[in-house]
Amino acid sequence: MFQYVINKFFYGFLTLFGVVTVIFFLFNVLPGDPARMMLDQREDTEQLQNIRKKYGFDKPIFTQYLYYLNDVSLLSFHSTNVNDYTFLTDGKYKAQKIISIKTVHVVVKYPYLRTSFQKNGKNVSEVISETLPNTAILATFAMLIALLLGIVMGILSALYKDTFFDKIIAVISTLGMSVPSFFSAILFAWFFGFILHEYTGLEMTGSLYEVDNFGNGMYIQWKNLILPVIVLGIRPLAVVIQLMRNSLLETLNHDYIRTAKAKGLTAYQVIKIHALKNSLNPVITAISGWFASMLAGAVFIEYIFNWNGLGKEIVNSLNTLDLPVIMGTVLVVATLFIVINILVDVIYSWLDPRIKIN
């Protein structure tokens with residue numbers, strides 16, 4: 001198991017290296033001067049030169065690429081000459097020096113995602129740390145609802161196969177998979193947040209944290225979580241229902257299930273002890289992909305409900321061409337996908353011992 005996890009992380013590292021390379025060259029071929037983007041309308045010739053020198057924008061593109069790799073890596077090399085390009089001159093970031101080789105420090109540090117072009121030089125990692133928890137809360141609640149309801153409804157649908165109840169659940173899951181998320185978000189916001197506002201008390205838009213009207217700081221508004229969670233959970237709920245139903249029906253046809261029934265076990269005992277665990281593999285596959293996508297940012301849903309999460313931040317950064325924020329979020333999202341996939345593979349081996357990890 002340990003060797004398997006190490007191999008997975010190695011291949012994950014290679015994947016991240018490819019992602020870093022692609023996003024760097026993709027966004028650095030865009031027209032426009034990054035130094036001018038950072039200074040907006042306040043630039044003059046001297047300021048532009050200082051910015052280009054500080055961030056290495058005056059260097060050849062391949063040299064800039066090496067600088068970027070140096071910034072985002074955990075182990076990096078930095079010159080002791082303050083006139084050279086180095087993030088250490090900003091004085092904001094802590095790094096643990098390992099060794100000095102002549103005029104170069106070898107240090108261990110957190111990945112440096114650089115600073116935003118549009119947020120007064122704010123560190124990109126700070127921008128992500130402020131928005132990612134909101135998206136994580138939204139995604140976690142949505143996935144929990146989709147998983148719990150989906151498994152229960154999938155089991156009931158399989159037990160009452162071809163009945164009216166089964167057909168109703170099939171219609172609901174089909175609608176859930178076919179209706180676009182942005183349309184569902186608009187519909188739910190209009191109907192429950194506007195038409196039925198007097199009865200539901202829900203707002204059309206709102207984030208997890210709101211500012212107190214009397215200037216007493218920020219407070220958590222849990223009711224703003226309800227509509228985005230429901231809308232975000234509709235599609236994975238529909239997928240989980242169908243996967244759970246089909247997988248359970250297939251499992252119930254196996255010989256060991258018939259043997260369990262012949263021994264006198266009730267339907268509840270057969271499903272709980274024998275069938276459920278072996279039917280969860282396709283469900284785990286589905287929810288791992290959905291959860292990673294949700295953490296990447298439910299872009300349309302967050303933007304429509306004005307939820308201050310990673311998805312909304314990505315849209316705003318695209319509108320303002322805030323390249324460091326876009327590049328940083330893509331890198332974080334890729335890391336999340338890799339870690340979640342490794343965890344899912346480990347869970348597979350626990351759910352089904354027949355799956356061998358090499």
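Mentor: Happy to! Keep in mind that this is a predicted model. Let's begin at V229, which, apart from neighbours within four places in sequence, is in contact with L138, F141, A142 and I145. V229 sits in helix α9 and counts as buried because its relative accessible area is 5%, against a cut-off of under 20%. Between V229 and I137 there are 92 residues in sequence, yet their C-alpha atoms are 9.3 Å apart in space.

Helix α7 itself runs over residues 181-195, and its 15 residues reach 20 Å from the first C-alpha to the last, close to the 21 Å expected. Its buried residues are S184, A185, F188, A189 and G193. Viewed down the axis of α7, they fall within an arc of 125°, so they line one face of the helix.

From there, move on to α13, where you will find E302. This residue is buried yet has no salt bridge, the nearest side chain of opposite charge being that of K312, 8.4 Å away. E302 does have polar partners to look at: its side chain makes a polar contact with the side chain of T135 at 2.7 Å, and a polar atom of the E302 side chain lies 3.0 Å from the backbone nitrogen of K312. Not counting residues up to four places away in sequence, E302 touches T135, L138, W307, G309, L310, G311 and K312.

Conventions
Residues are numbered from 1 along each chain as its sequence is written. This is a predicted model: local features need pLDDT of at least 70, side-chain atom pairs count only at pLDDT 80 or more; totals for chains, interfaces and linings use all residues. Side-chain values use heavy atoms; hydrogens and water are left out. Helices (H or I, at least four residues) and strands (E, at least two) are DSSP runs, numbered from the N terminus. The expected span of a helix is 1.5 Å times one less than its number of residues. Buried means under 20% relative accessible area, exposed over 50%, partly exposed in between (1.4 Å probe, protein chains only). The arc is that of the directions from the helix axis to the C-beta atoms. Lys and Arg count as positive and Asp and Glu as negative; His and the chain ends are not counted. A salt bridge is a side-chain nitrogen of Lys or Arg within 4 Å of a carboxyl oxygen of Asp or Glu. A polar contact is a pair of N or O atoms within 3.5 Å; within protein, one must be able to donate a hydrogen and the other to accept it, and residues adjacent in sequence count only if both atoms are side-chain atoms. Contact means heavy atoms within 4.5 Å.
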